[in-house]
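My notes follow in the order in which I looked things up.

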Amino acid sequence: MLLHAPRSTTTSAPTPLSLTDLTALTSEVADEVRAGCHTVQVDRDKRWYRLVRTDAYVDVWLISWATEQYAELHDHAGSLGALTVVSGGLVEQRWAGGRLRSRRLLSGHHAGFPLGHVHNVVNPNPTPAVSVHAYSPPLSAMSYYAVDGGSLHRTGTVLVESGSSEGVG
Ligand SMILES: [Fe+2]
């Protein structure tokens with residue numbers, strides 16, 4: 001007789017790290033940023049990024065968001081992801097249940113991105129925001145989307161070179 005059903009712990013992603021691990025990692029690096037261990041810049045013309053940790057399993061990015069800067073609607077291909085807001089506030093718009101749903105992410109808040117997660121991130125506030133993002137395995141591609149007639153349409157896919165900041169968010 002089976003007393004305990006086996007618990008599923010798979011993530012279906014090619015990484016030994018879980019969303020919980022990635023969230024903890026971004027929270028740890030966010031604490032480093034608050035402690036002044038990393039220099040942060042804000043560029044009003046283009047989102048500013050810096051790769052702060054990298055290995056075979058995970059990339060960790062520090063990102064600043066000037067007012068109205070955004071990432072565009074995208075996925076993370078075969079990578080899991082997570083973010084922690086260091087300061088300021090962001091709004092995440094994610095595709096769920098056949099529509100875009102918004103949630104505010106304030107300083108100290110976390111968000112996890114399972115496989116298939118399609119979202120945009122924007123800073124709608126008058127002051128800059130700073131966030132830490134982790135992706136595992138490191139981002140290799142991202143697809144971009146548009147919402148048309150209530151449906152989600154993929155508009156293109158870009159390959160992400162190792163360590164490239166292109167599109168990260
Ligand atoms: Fe993203």
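I began with the pairing of S3 and S6, which run antiparallel and are joined by four bridges; two strands count as paired if DSSP finds at least two bridges between them. The names are those of DSSP runs numbered from the N terminus, with helices being H or I of at least four residues and strands E of at least two. Within this pair I found Gly 81 opposite Phe 113 in S6, and I noted Gly 112 of S6 as the bridge partner of Ala 82.

Before going further I wrote down that this is a predicted model, in which local features need pLDDT of at least 70 and side-chain atom pairs count only at pLDDT 80 or more, while totals for chains, interfaces and linings use all residues. Residues are numbered from 1 along each chain as its sequence is written.

I then turned to the other partner of S3 and found that seven bridges join S3 to S8, again in the antiparallel sense. Leu 80 has Ser 136 in S8 as its bridge partner. I also checked burial, where a residue is buried if 20 or more other C-beta atoms, placed from the backbone, lie within 10 Å of its own, exposed if 12 or fewer, and partly exposed in between. Seven of the eight residues of S3 are buried, so this strand is largely enclosed by the rest of the structure.

Next I followed the whole sheet, which is open and has five strands in the order S1-S2-S8-S3-S6 with antiparallel pairing. S1 and S6 are its edge strands, each pairing on one side only. Neighbouring strands of this sheet are turned by 20 degrees against each other on average, direction ignored, where axes are lines fitted to C-alpha atoms, for helices over the stretch in contact, and angles run from 0 to 180 degrees between N-to-C directions. At the S1 end, I saw that S1 and S2 pair antiparallel over six bridges, that a hairpin of four residues joins S1 to S2, and that Tyr 49 stands opposite Ile 63 in S2.

What packs on the sheet, touching S1, S2, S3, S6 and S8? I found that H1 does, and that its direction makes about 25 degrees with that of S3; for contact I used C-beta atoms, placed from the backbone, lying within 7 Å of each other. H1 covers residues 19–34, has 16 residues and reaches 22 Å from its first C-alpha to its last, close to the 22 Å expected at 1.5 Å a residue, the expected span being 1.5 Å times one less than the number of residues. Its buried residues are Leu 19, Leu 22, Leu 25, Thr 26, Val 29 and Ala 30. Seen down the axis of H1, these fall within an arc of 140 degrees, so they line one face of the helix; the arc is that of the directions from the helix axis to the C-beta atoms. After H1 comes Gly 36, whose phi is positive, near 85 degrees.

I then looked at another sheet, an open one of three strands in the order S5-S4-S7, with antiparallel pairing. S5 (99–106) and S7 (119–122) stand at its edges with a single partner strand each, so one side of each is left without a neighbour in the sheet. S4 (residues 89–96) pairs antiparallel with S5 over eight bridges, and Glu 92 of this pairing stands opposite Arg 103 in S5.

Leaving aside neighbours within four places in sequence, Gly 89 is in contact with Arg 104, Leu 105, Leu 106, Asn 125 and Ala 129.

Last, I looked at the chain as a whole, which has one helix and ten strands, and of whose 169 residues 30% count as buried. The mean pLDDT, the predictor's confidence in each residue from 0 to 100, is 91, and 90% of the residues reach 70 or more. Over residues 1–6 the pLDDT is below 50, and beyond near neighbours in sequence this stretch has zero contacts in the model.

Technical notes. Contact = placed C-beta atoms within 7 Å.
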